[in-house]
Amino acid sequence: ADFSTEQRAGLCVPFGALLGAAVFPLPRRGCGALLERMGEGIGESGASESCGALDGATGAALRPQTVGFVFMLISTTSFTLMAAISKIIGAQASTEEKLFWRSAICALCTAITHLRARGEKRSPLCPRRPWLLLLRGLCGHIALVGYLESIERLPLAVAVFLGKTYPLTAAICGWLFLGEPLRGSRLIAIFVSLCGVALIARPAPGDVLHSTLTGVLLAVGAGAVTGIAFCCVRALTLADESPFWILLALPAVSLLCSAPLGLHSALHVEHRGADVWLLFVGMGVMDQGGQVFLAKGLRRLSIASGMQTMYFGTIVAVLTGIALGDGWPSWQFWLGGATIVGALHGAEVAERRAIAAAGAGDLPEELLKPRAGEAPCGGCAQELAHASAGSAQAEEA
């Protein structure tokens, strides 16, 4: 009730865009044609995935990592908009009811995508890694509940700042369990990005010191468990698990866990307007879009690189607040945003120099092993040639 009709209407455009991304194949023209030229489909029924991408303007091959960064940016934007919608709903629905309807809509979108797929594109009836899928769903649900509960106990800036520890957790889990490299430059960049988040969120030291221990533990724990959940997504993509099961894992577990309290809360509401139901749909669609692009992004990026990109969600949150009527951000926002961007760029440059110096042996496995029946794309060929040249120069020296 605190938001005007114009402010609520500001979310209608991303609603429509993400609805097409989450459920239906995009049209052949416009944005759909652009994404198809990039070599990517949005859903399982879209264009077939390949390890490379094409720039529609020049026809030159885009690096797989570039496409991965675009997908991760779309993913974190979708999750941020989902949080904004939850804030608009506010006290009109309980936390459990929000989780229930969000999960139900995500599961419905995933089922529709699966039913629209034909022939070989349809997912298998049985998952390849059922226990890993269950772990992904449980961690995702626990993290979301912990984050929402921490918001109730802490100032929003403190909860957001403490919850942004998941890139570090995910990077460490990827190093321990997936064998992905974790260089010192990446760790430094993650901590620098966290400083950028602190500049944007601006948690007061007094708020952190006087916050309840329960709220702090919930926020930090939610961030840590989120990192584990995202690491599970990365592991599932490396294991060639079906996208249908990857997308269904979280809503299926969350639906079962939130159904008792969520349905009880919904049945005791005497009257609810159509705008609240529309917001429920929007929240589910945004979450589905975030999950779709998260899986696609982590298929092309290491877990450390992909998770650091998620810090851009803090920037998107401030810009979304402006669209919803918040004031114009101060200089701390611009400095924090520049810090996040600079840290990500610096980490990528440092890693590429390290790869070039070490040779092709340190390249990601997806660059060295293209899919069956496919030749390496232009971006992969350039990576291999660049790495081999660097290795040859090092041997000469």
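Helix α4 covers residues 64-89 of this predicted model. Its 26 residues reach 38 Å from the first C-alpha to the last, close to the 38 Å expected at 1.5 Å a residue. Of those 26 residues, 19 are buried, so α4 is largely enclosed by the rest of the structure. Just after α4, G90 takes a positive phi of about 60 degrees.

**Overall make-up**

- The protein has 397 residues, and 50% of them count as buried.
- Its secondary structure consists of 18 helices and two strands.
- Among contacts with a separation of 6 or more, 84% are between residues 24 or more positions apart.
- The accessible surface comes to about 18,600 Å², and carbon and sulfur atoms account for 67% of this surface.

**Confidence of the prediction**

- The average pLDDT of the protein is 74, and 69% of the residues score at least 70.
- Confidence is highest in helix α13 (residues 274-298), at 90, and lowest in strand β1 (residues 53-54), at a mean of 38.
- Over residues 5-61 the pLDDT stays under 50, although the model has 115 contacts beyond four places in sequence for this stretch.
- Residues 366-380 also have a pLDDT below 50, with 29 contacts in the model beyond near neighbours in sequence.
- Where pLDDT is low, the predicted coordinates should not be read in detail.

**Nonpolar cores**

- The largest nonpolar core has 34 residues, and those with the most contacts inside it are M72, F230, L294, L298, M307 and M310.
- Helix α12 (residues 243-267) gives the most to this core, contributing five residues.
- Apart from this core lies another, made of eleven residues that include I88, V276, L279 and F280.
- In soluble globular proteins, nonpolar side chains tend to be buried together.
- Leaving out residues up to four places away in sequence, M72 touches F293, L294, G297, L298, L301, G306, M307, T309 and M310.

**Cysteines**

- The structure holds zero disulfides.
- C109 has C106 as the partner with the closest cysteine sulfur, but the two sulfurs are 6.4 Å apart, too far for a bond.
- C109 has a relative accessibility of 5%, so it counts as buried.
- For C231, the closest cysteine sulfur is in C173 at 5.1 Å, which is also too far for a bond; a disulfide would need the sulfur atoms within 2.5 Å.
- C231 is buried as well, with a relative accessible area of 7%.

- I303 is placed in helix α14 (residues 303-309).
- With a relative accessible area of 1%, I303 is buried, because the cut-off for burial is under 20%.
- Not counting residues up to four places away in sequence, I303 touches A170, A171, G174, E180, F230, C231, R234 and L298.
- Two of these partners, F230 and L298, are listed among the residues with the most contacts inside the largest nonpolar core.
- The C-alpha atoms of I303 and T169 lie 10.0 Å apart in space, while the two residues are 134 residues apart in sequence.

- S103 belongs to helix α5 (residues 95-116).
- S103 is buried, with a relative accessible area of 0%.
- Beyond its neighbours within four places in sequence, S103 is in contact with P251, S254 and L255.
- E149 is found in helix α6 (residues 130-153).
- E149 is partly exposed, at a relative accessible area of 26%.
- Although E149 and T214 are 65 residues apart along the chain, their C-alpha atoms are separated by 9.6 Å.

**Backbone at D240**

- D240 is found in the loop between α11 (213-238) and α12.
- Phi of D240 is near 60 degrees, a positive value in a residue other than glycine.
- Most residues other than glycine have a negative phi.

Methods. Residues are numbered from 1 along each chain as its sequence is written. This is a predicted model: local features need pLDDT of at least 70, side-chain atom pairs count only at pLDDT 80 or more; totals for chains, interfaces and linings use all residues. Side-chain values use heavy atoms; hydrogens and water are left out. Helices (H or I, at least four residues) and strands (E, at least two) are DSSP runs, numbered from the N terminus. The expected span of a helix is 1.5 Å times one less than its number of residues. Buried means under 20% relative accessible area, exposed over 50%, partly exposed in between (1.4 Å probe, protein chains only). A nonpolar core is a set of buried Ala, Val, Leu, Ile, Met, Phe, Trp, Tyr and Cys residues joined through side-chain atoms within 4.5 Å. Contact means heavy atoms within 4.5 Å. Accessible areas come from the Shrake-Rupley method with a 1.4 Å probe; for residues, only the protein chains shown count as cover. pLDDT is the predictor's confidence in each residue, from 0 to 100.
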